[in-house]
Amino acid sequence: MRILVVDDEERFARLVAEDLQDSGHDVTVLTSGAEALKEVGAEYDVVITDLKMTPVDGIGVLEAVKAANPETEVV
């Protein structure tokens with residue numbers, strides 16, 4: 001699976017990514033919702049996002065991802 005992890009706490013994002021990579025997934029880590037909005041055109045199977053980020057929060061990421069790729073799962 002191709003997974004995008006978005007969290008403004010980089011240490012946490014990297015820990016999640018390491019676990020997913022150890023399970024054989026292709027993982028990209030971004031540290032802001034604004035960075036994630038630039039990636040919405042890329043195809044990911046799953047996006048894992050923090051809800052509380054500024055200036056773009058997790059709901060903004062979810063809405064943008066679903067608008068671009070409705071079949072992408074967002075957690």
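Helices (H or I, at least four residues) and strands (E, at least two) are DSSP runs, numbered from the N terminus. The model is a predicted one, in which local features need pLDDT of at least 70 and side-chain atom pairs count only at pLDDT 80 or more, while totals for chains, interfaces and linings use all residues. Residue numbers start from 1 along each chain as its sequence is written, and side-chain values use heavy atoms, with hydrogens and water left out.

**Whole chain**

Start with the whole protein in cartoon view. Three helices and four strands are there, and along the sequence they follow the pattern β-α-β-α-β-α-β. The C-alpha atoms fill a box of roughly 30 × 25 × 15 Å along the principal axes. The radius of gyration, taken over C-alpha atoms, is compared with a globule rule of 2.2 Å times the number of residues to the power 0.38. For 75 residues a compact globule would have a value near 11 Å, and the protein agrees because it has 11 Å.

Switch to a surface. The accessible surface comes to about 4500 Å², and 51% of it belongs to carbon and sulfur atoms; the areas come from the Shrake-Rupley method with a 1.4 Å probe, and for residues only the protein chains shown count as cover. Of the 75 residues, 39% count as buried. Buried means under 20% relative accessible area, exposed over 50%, and partly exposed in between (1.4 Å probe, protein chains only).

Next, colour the charges. Lys and Arg count as positive and Asp and Glu as negative, with His and the chain ends not counted; each charge is placed at NZ of Lys, CZ of Arg, CG of Asp or CD of Glu. The mean positions of the 6 positive and 17 negative charges lie 3 Å apart.

**The sheet**

Select the four strands. They form an open sheet in the order E2-E1-E3-E4, with parallel pairing. Strand E2 (26-30) and strand E4 (73-74) are the edge strands, each pairing on one side only. Two strands pair if DSSP finds at least two bridges between them.

Now select strand E1, residues 2-6. Four of its five residues are buried, so E1 is largely enclosed by the rest of the structure. E1 pairs with E2 in the parallel sense over five bridges, and Leu-4 has Thr-28 in E2 as its bridge partner. E1 also pairs with E3 in the parallel sense, over four bridges; here Val-5 stands opposite Ile-48 in E3.

Move on to strand E3, residues 46-49. Two bridges join E3 to E4, and the two strands run parallel. Val-46 stands opposite Glu-73 in E4.

**Helix H1**

Select residues 10-22, which form helix H1. Which residues does Ala-13 touch, not counting residues up to four places away in sequence? Ala-13 lies in H1 and touches Val-5, Asp-7 and Val-29, where contact means heavy atoms within 4.5 Å. Ala-13 is buried, with a relative accessible area of 0%. From Ala-13 to Glu-71 the separation is 58 residues in sequence and 23 Å in space, C-alpha to C-alpha.

Then select Gln-21, also in H1. Gln-21 is partly exposed, with a relative accessible area of 40%. Gln-21 and Arg-2 are 19 residues apart in sequence and 10.0 Å apart from C-alpha to C-alpha.

**A cis peptide**

Finish at Pro-55, in the loop between E3 and helix H3 (58-68). A cis peptide bond joins Thr-54 and Pro-55, with omega about 0°. Most peptide bonds are trans.
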